[in-house]
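Let's take a friendly walk through this protein, stopping at a few places along the way. Keep the sequence and the 3D view at hand as you read.

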Amino acid sequence: MTPELLTYLTAQGLGTGIALYFAYQSFQKRRIQLGDAPTLPQYFSRSATYWSGLLLYCALIACLYWLLTWQWLSLQPLFTVIVRTLRAGEWLNLLNGLDGSTLIPLILAGLFLFLVVWENRFNPLLILRDSVHDAFAIPTKAAKVYNALMTSRLSAIDDYIKTQISDRLLVQSIDPGDFDKSNATVEYKWAHNCLLFDQIQHYADQSSYRRFFNEPSLKWGEICISYNTMSEKVAVWKDAEPHYTKTVKLIKELDELTGLLCRLLACLVVFGSANETEMWETVKQLGGKVNEVRLQNTFKYVLIFTALTTVGVMLGREVAVSLHNEWLFPDKPLKHFSYTTLRWIAYAIPMYVLPITLVFVARALTLEQEHSERNYGFYMAMMLLGFLVSTSVAVLVLEITFYHRENIEFFESFLQHMRWGILPAIVCGSVAYRMDTPIKDKQTPLHLVTFGTLRFLAWGSVAVVIMLYATDDLSLEVSNLRFTLVGTAFFVIGLIGAFANFKTPEGSV
């Protein structure tokens, strides 16, 4: 190994380590508003889920850094110039070798590291970080539980729980009828707080939840002090004559305590539940009303499909190029990580992600049906929608970028390029169908991985057959284009088919 290569690899390792450290810090830095106070994301999910998201984000940042500094804008020429100049002792000539081709990659590498830690809502890497948060439902579940607890109706609680709450109070400040009063009254608000505090006590007695009660931002100490104070204030208020100003002030203090209690309890419930079914059962026991919908977090799924399409294009083309160069046409090698990859990504997203997004929109606008029913008319309509959208995109993209035609006869071109809309149409119909076949929490990771792999291979095979038909008019001169197109489609469609799973809580409609 030459000194130049050794220096370059050392610098690459150091830069990757810095990128990983910055990504680790950034992932934990995002504060998510839950109630009136921000909370760190690690308290919004189970530990395994949080660390999976953290490792994924760090791996993405490391891969992006390597692609930037190794393939796209390599730092190797810079370190080669530096090492050779220093070894020759020509210090004065070092500046002459530092031109745009060597300094621009260094500047962009530094800019990339800066973007990893730059807290700005327009920062693309922070958008990626927040997307990973959302993809793992780190902020979403706790926020939904929080809202359900804040609007819970105590009349739905079991009488045994109500009796337990009254028996555990140091100062008797709850009457049996307080649970059935209006939610705007002092009596009801105090009963609500007592219920929440009693439920939190169950978690406080368990050592596995200790970090939640030691976290300053969750304010457990402040909650205990405020709770004991409110107990005495409510008891005094009940014995005194009605006073409007004191009542309004007491209600405000009770609402503040409710927000702190719901915030802490939401984090505990999400962390302590083995699955979503158990989580929502706990919420229902506390009188919370669950917004039961067929599909939740559709924006998250759109981001996932966008990421899958991007990864599929990058992975598919690179694998296809490797096979092309090694086995098929070694005398006519294709370039890895070329600008073509970016163009294909920009083409594939409107071809596949845009019609899938419209499927989600159509689902949201249509009436929800019972979970067991199948609306095959809707699936066919979504296939037609996907066909029309993707074929229209193919017309615009191919006529402008590939054929370079100035005057486009849209209808004639649409008929000519209909074959490009077949595969997206099938994908849209499948996504619509899979939305009515949600996975259950009881499925083990082994089942998910096994069936996901089988779906990947099955959908990849379908993509190969259809793309061979769609590209049969390509001439022999561009046979390498046909090969890479088919190989890329195998990975893109395979990944979309493998990850087209939609999680819905048990019992939801």
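**A walk from helix to helix**

Our first stop is Glu4, a residue of helix H1. Please keep in mind that the model you are looking at is predicted. Is Glu4 buried or exposed? Its relative accessibility is 10%, and because buried means under 20%, Glu4 counts as buried. If we set aside the neighbours within four places in sequence, Glu4 is in contact with Thr80, Val83, Arg84 and Arg87.

Now let's look at helix H1 as a whole, which covers residues 3-29, together with helix H5, which covers residues 100-117. The axes of these two helices come within 8 Å and cross at roughly 20°. Angles under 35 degrees count as roughly parallel, and H1 and H5 are therefore roughly parallel to each other. Their crossing is left-handed. On the H1 side, the contact is made by Gly15, Ile18, Ala19, Phe22, Ala23, Ser26 and Lys29, while H5 brings in Leu113, Val116 and Val117.

With a relative accessible area of 6%, Thr488 is buried. What does its side chain reach? You will find the backbone oxygen of Thr484 at 2.7 Å from the side chain of Thr488. Not counting residues up to four places away in sequence, Thr488 also touches Gly312, Val313, Gly316, Arg317 and Trp344.

Definitions and conventions:
Residues numbered from 1 in each chain as written. Predicted model: local features only at pLDDT ≥ 70, side-chain atom pairs only at ≥ 80, totals over all residues. Heavy atoms only, no water. Buried < 20%, exposed > 50% of the residue type's maximum accessible area, 1.4 Å probe, protein only. Polar contact = N/O pair within 3.5 Å; in protein donor to acceptor, adjacent residues only side chain to side chain. Contact = heavy atoms within 4.5 Å. Axes fitted to C-alpha atoms, helices over the stretch in contact; angles between N-to-C directions. Helix = DSSP H or I, 4+ residues; strand = E, 2+ residues; numbered from the N terminus. Parallel < 35°, antiparallel > 145°, perpendicular 65-115°, else oblique. Left-handed = near helix turned anticlockwise from the far one by under 90°.
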